[in-house]
Amino acid sequence: MMINILNLLFAAFAVGAGYNISPVPNVIFKKPGNRWTSSEHKQSYFGLAVHLKESALYVGAPKATTFSRRYNTFNDSGVVYECGVLSSSCEVYSQLEDRNFVADALMSGQYFGATLDGLTENDALVACTPRLIVGSNRHAATGACYTTVNGSIYNQQQALKYRKNTMMVDSAMEGFAVHVFRNHRKELGGILTGMPGFNLTGSVFIYDDNLEDGILLNSWQLEENGYFGYSVATVVVENKTIHVVGAPRSGKVYVFEAKKVHRKMAQMSVHTILTSDKFGDYYGYSLCTEDINGDGLMDVMVGVPFSSRDGVSENGAVYVYINHGLNAQGMTALELRHILMSEYQGSGQFGYSITSVGDLNRDNYNDIAVGSPFEGTGAVYIFHGSARGLVPKHSQVLRFVNHNTVQPNMQPMFGASISKAADIDGNGFGDIAVGAPTAEVVHLFRTYPLIRPNFRITFSKEFISIENATVQSEYESAIEDEVSIVVCHSYEYVYYPKDRQHYYFRIVLHLDYPFRRAKINNESSYEAIEQISQNVSCFILDVSIRASFRHLTKPVKAVLYYEIVNQNTSSLEFCDKCAIQEMKSERIAQNETNLVFKPNCAKDVCLTDLKLHGHFLNFESPFELNSSRTMELQYNISNEGESGYGTLLEIKFARNISIVKAMAFCEIGTDNLSCLINNGQALQRGKVITVNVTLNATELDGTELDFEARLFSDGNETFNEDNLIQSSISLVRHSSVSIV
């Protein structure tokens, strides 16, 4: 019964249904068509890369066809769009459209906009074209990136510059991965571009804050075809910039410092190499670095989208490493803390993308979003940070919403790209964009502010005195009393929003489950809708108490459950006046208080000194079978200490035996007898209670009858030795045969 009631309770309250990100997209962006881009191209991969700022959303469409104002038509050249954050309109980002085109470059098939990155609080934006081809070799993708800062464009084209002297960069694909990193002052520190095709091993270029003079990392010692540079990230430890680079084909992630050996070259000073224990799972396919436990050090998340639980499906996983700073040898110490997985049984490729989304719920810990683009139509999981790292259970899952944007059987790849969070509406909470590139759409999810409800319930009395006992009948006693419960409520904003509001909460008060000794209007629960504000308000409920002496050790518990209601947070239109209730854990919000029963003793628990004496009345041991139809036992219970409440005599037999007769205050079981002495009321000092028990002796057989009698009470017993009597009666049969 308890399980059923709790299930109903949890079903009534929306536990784990979501958190403060809107469960549906509030803006849906579609690939536009204008005088510079073609809307007829069926597959532009609009949304393969996304970057959100407070003022605009930038979307990469690497296979979009461009009609240049200065050149001809370029198929699959790629476009970066700039979209209004509170509308669904997008235009070609003109600043990058006017980027410096490379002479002798094959403009078609560049995949411009395949990767994007930047900082959310300023206009720094990097867009890369990893398949930029220069020269006569039309199969050599050198790649390049372009950065806009304060209206100026900077070119990251070191691979192109190196091509003049070496062919090792012909298939480098600079910009296949890109990461804008901060320095120890948390300012723009530079850009890291990945080149997984460089010289067979892969490599990276490191651009400092001048943004154009890149340093090549010497990677010749690495494994061939490991795709080093497939994913890139950085952490800062004790003012040192530590680079984190994935080589998923070799299943490794390298954590290292770049030590300059001359002006254009750096050596890798490896701190540690992270690996998985499974071959071919593409460990290091994606990377994310963020401080998730609030210690000031950026931790490392590694995506493993091809990880399999059954050896067949590509379920995916994310490895979470906690950064403990530099060890005694000056190396970054990373500890594997969690391996995150989704519950999806198919090939969802969880971990395909990982992004830091900042502190979504304003609990001072940064949160992480993980993409699983092949889980159905795609999914994005939100994981909250905590003092121990990421909470292993996701707080929310975002799903693709098809508003006539894709065909029924199309896989939209929702979650292939996830933006960093940016507060586009000024409510103090970061919003995120999620790309669905094969559906040619981007979903923008806004985040609702949080309110922290403060509920407090108290009883009008600190305790109920047991001396208020009322005898109801000869064999039943109970305590009756009247008390009140005071319920007070208010709320505070987790982050102060624009306008103060009144919110409605549904409250459910459960009294004394499962004993049901407390009632409000003859009911053991109370439910109401209450309007709460930032000012404290209280109301009073009258409670009737009726308790048997059998249950005095258990306090009367009152538990108040509450949840915010009437919040229209599941519609496409964002509700500016709505808020989400802050949740501190996965459990439903509750507050509770207890009312205890207090005896008339020196302390809250009486110090008793119970005595138990037993006698055989109509037989002796050994007992001759069939000599009597019954066996009569007698026990005397006394107390030489403080009052004993709820005193219980329990007699247990080693075998099933019929009890013919017992006292009215006793309960007969199959092989035991329980007697509530003095009906549970106080057993005073010097008082003696006698308990007689009659057994059916006609069913006895065997050689022995073993049983024990033991005393219990709600008090602290002085000596337990004289509360137990163990008995063993020998059974014999009478013989009528004479031996001559």
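1. A disulfide is taken here as a pair of cysteine sulfur atoms within 2.5 Å, and, in general terms, a disulfide is a covalent bond between the sulfur atoms of two cysteines. With bonded cysteines counted along the chain, the disulfides of the protein follow the pattern 1-2, 3-4, 5-6, 7-8, 9-10, 11-12, and a search of the whole structure finds 6 of them.

2. On provenance, the model is predicted, so that local features need pLDDT of at least 70 and side-chain atom pairs count only at pLDDT 80 or more, whereas totals for chains, interfaces and linings use all residues. Residues are numbered from 1 along each chain as its sequence is written, and side-chain values use heavy atoms, with hydrogens and water left out.

3. As to the overall make-up, the protein has 3 helices and 57 strands, where helices (H or I, at least four residues) and strands (E, at least two) are DSSP runs numbered from the N terminus. Of the 740 residues in the protein, 55% are buried; buried stands for under 20% relative accessible area, exposed for over 50%, and partly exposed for values in between, with a 1.4 Å probe and protein chains only.

4. The accessible surface of the protein comes to about 32900 Å², and 47% of this belongs to carbon and sulfur atoms; the areas come from the Shrake-Rupley method with a 1.4 Å probe, and for residues only the protein chains shown count as cover. Among contacts (heavy atoms within 4.5 Å) with a separation of 6 or more, residues 24 or more positions apart account for 63%.

5. Cysteine 83 and cysteine 90 form a disulfide in which the sulfur atoms are 2.0 Å apart, and both of these cysteines are buried. The torsion about their S-S bond is about 110 degrees, and the disulfide is therefore right-handed.

6. The strands around this part of the chain can be followed in turn, two strands being paired if DSSP finds at least two bridges between them. Strand E3 (residues 56-61) runs antiparallel to strand E6 (residues 79-84) and is joined to E6 by 6 bridges, with valine 59 standing opposite tyrosine 81 in E6. E6 in turn runs antiparallel to strand E7 (residues 90-92), the two being joined by 3 bridges, and glutamate 82 stands opposite glutamate 91 in E7. A hairpin through 5 residues joins E6 to E7.

7. A disulfide also joins cysteine 128 to cysteine 145, with an S to S distance of 2.1 Å, and at 105 degrees about the S-S bond this link is right-handed. Because cysteine 128 lies in strand E10 (residues 125-129) and cysteine 145 in strand E12 (residues 144-149), the pair ties together parts that are 17 residues apart in sequence. Cysteine 128 counts as buried at 0% relative accessibility, and cysteine 145 is buried with a relative accessible area of 0%.

8. Cysteine 488 and cysteine 538 are joined by a disulfide with an S to S distance of 2.0 Å. Cysteine 488 lies in strand E38 (residues 477-493) and cysteine 538 in strand E42 (residues 537-548), so this pair ties together parts that are 50 residues apart in sequence. The torsion about the S-S bond is about 105 degrees, so the disulfide is right-handed. Cysteine 488 is buried, with a relative accessible area of 6%, whereas cysteine 538, at 42% relative accessibility, counts as partly exposed.
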